[in-house]
Amino acid sequence: MWNIPNTLTTFRLCLIPIFLVIFYLPYQWAFFAAAFVFWLASITDILDGYLARRLNQSTPFGAFLDPVADKVMVSVALVALVSHYQSVWMTVPAIIIVSREIVISALREWMAEQGKRGQVAVSQLGKIKTAAQMLAIIGLIWQFQPWMVSLSYVLLYIATLLTFGSMVQYLMAARHSLLANNG
């Protein structure tokens, strides 16, 4: 169970409270440090999946924990950003992104119960969405320059559109199972 990919995933979970504490510190350097912690968590997300495949170290524990760590880290960061920016322009994308994660998690769980988990596997669109989302969140946390915040908002809205699109894609893939009349 304790291989390199699972250790990286667990490390990512441990970064969440560290990220939150740093994000709310009243120091000038806090936003950069919080962005760095979020970036580090994002890198471990990429690395743990790559290593699990490359080293043939995929485990049921890792398959469960990796998406949990991803969703919790992103959700925590978005909630922190909503509280910081206090703007509808931040709140609406955050609600859409978090809601999509809940819907797709429930869909995957239900499809797994139906023995059809493969129909809602991670898609290329989902990977692009994740990259845009991570870059947007890092820029919105860091706030280094006004142009960075503006670019990050653009990326956030691109990620939000991709989020909605990938949700529709997953729901369409599962539509026959969802609409089946089993009674």
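A salt bridge is a side-chain nitrogen of Lys or Arg within 4 Å of a carboxyl oxygen of Asp or Glu. The model described here is predicted: local features need pLDDT of at least 70, side-chain atom pairs count only at pLDDT 80 or more, and totals for chains, interfaces and linings use all residues. Residues are numbered from 1 along each chain as its sequence is written, and side-chain values use heavy atoms, with hydrogens and water left out.

Seven salt bridges are present in the structure. Three of them, including two that involve arginine 12, are set out below.

| Aspartate 66 | Arginine 12 | 2.5 Å |

Helices here are DSSP runs (H or I, at least four residues), numbered from the N terminus. Aspartate 45 is buried at 15% relative accessibility, and arginine 12 is buried at 1%. Buried means under 20% relative accessible area, exposed over 50%, and partly exposed in between (1.4 Å probe, protein chains only).

Aspartate 66 also pairs with arginine 12. This pair links helix 3 (residues 60-85), which holds aspartate 66, to helix 1, across 54 residues.

Glutamate 101 is buried, with a relative accessible area of 7%, and arginine 100 is buried at 4%. Elsewhere, salt bridges with shared partners join Arg12, Asp45, Asp48, Asp66 and Asp70 into one network.

Technical notes:
Helices (H or I, at least four residues) and strands (E, at least two) are DSSP runs, numbered from the N terminus.
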